[in-house]
Amino acid sequence: MTRILIVDDDRQIADLIEVYLKNDGYMIGKAGDGMEALKSLEQAPPDLIILDIMMPKMDGLEFCKYVRKNNQVPILMVSAKAEDMDKIMGLVTGADDYMIKPFNPLELTARVKALLRRANYKTRKDEDIFYIGPLVIDKRSHGVTAEGSVIKLTAREFEILYLLAKNRGRVYASEEIFEKVWKEPGEGSNKTVMVHISNLREKLETAIPGETIIQTVWGVGYKIEK
């Protein structure tokens, strides 16, 4: 499920945004200032951030600068500051879009969807990194993390996970997985692949309780749908 972090010290506005986004099926996290948002960012990386500018402890501009040092998560700034220079500062600091309060909640949800579409397109174009809920799969480092915690996989387990994540929605038979990962003929490989899938699932479910990342299509094979 796509996770959105709302960073705003105005609880009424944050609650209003939450209601509209939850109605569209998004999972919501909330923070009342930049410092609280940074903790949330480390614990449960979001797919998009909705960010106010004027907040205590750490304002939106400072937070945005910090995030942009090593994170390209989409950021939608929502602020009562309506001058052109304020918008320019927000965009220059690293925001992807800027809305002025008060706003139409339906327009906000439309902008959220547009930003997520762009982010998903960039992910599809970048075959090195894939995001599946809280899971981050990095081909360059052969690393897998969930909410900042490293999941230790064997080389074979990683290649299976990467294959299914790269081809999300496609069902792979055991023989196909064996041929692509082991680089050998897949005949008679069903048991070997089943054992590796079982071990991989156990590690993923330990790291992300309640989440089923790899699905079994009975009589056909395996896939990642999210």
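Two strands are said to pair if DSSP finds at least two bridges between them. Helices (H or I, at least four residues) and strands (E, at least two) are DSSP runs, numbered from the N terminus. The model is predicted: local features need pLDDT of at least 70, side-chain atom pairs count only at pLDDT 80 or more, and totals for chains, interfaces and linings use all residues. Residues are numbered from 1 along each chain as its sequence is written, and side-chain values use heavy atoms, with hydrogens and water left out.

Strand 3 (48–51) pairs with strand 1 (residues 3–7) in the parallel sense, over four bridges. Within this pairing, I50 of strand 3 stands opposite I6. Strand 3 also pairs in the parallel sense with strand 4 (residues 75–79), here over three bridges, and M77 in strand 4 is the bridge partner of L51. In a regular strand the side chains alternate between the two faces of the sheet. In strand 3, L48 and I50 lie on one side and I49 and L51 on the other; all are buried, and both faces are covered. Buried means under 20% relative accessible area, exposed over 50%, and partly exposed in between (1.4 Å probe, protein chains only).

The loop between strand 3 and helix 3 (60–67) holds P56, and D52 lies in this loop as well. D52 has a relative accessible area of 4% and is therefore buried. Leaving aside neighbours within four places in sequence, D52 is in contact (heavy atoms within 4.5 Å) with V7, D8, D9, G60, V78, S79 and K101. The side chains of D52 and K101 are joined by a polar contact of 3.4 Å. A polar contact is a pair of N or O atoms within 3.5 Å; within protein, one must be able to donate a hydrogen and the other to accept it, and residues adjacent in sequence count only if both atoms are side-chain atoms.

P56 has a relative accessible area of 40% and is therefore partly exposed. Not counting residues up to four places away in sequence, P56 touches D9, G32, D33 and G34. P56 and D9 are 47 residues apart in sequence and 7.7 Å apart in space, C-alpha to C-alpha.

L61, C64 and K65 in helix 3 meet M89, G90 and T93 in helix 4.
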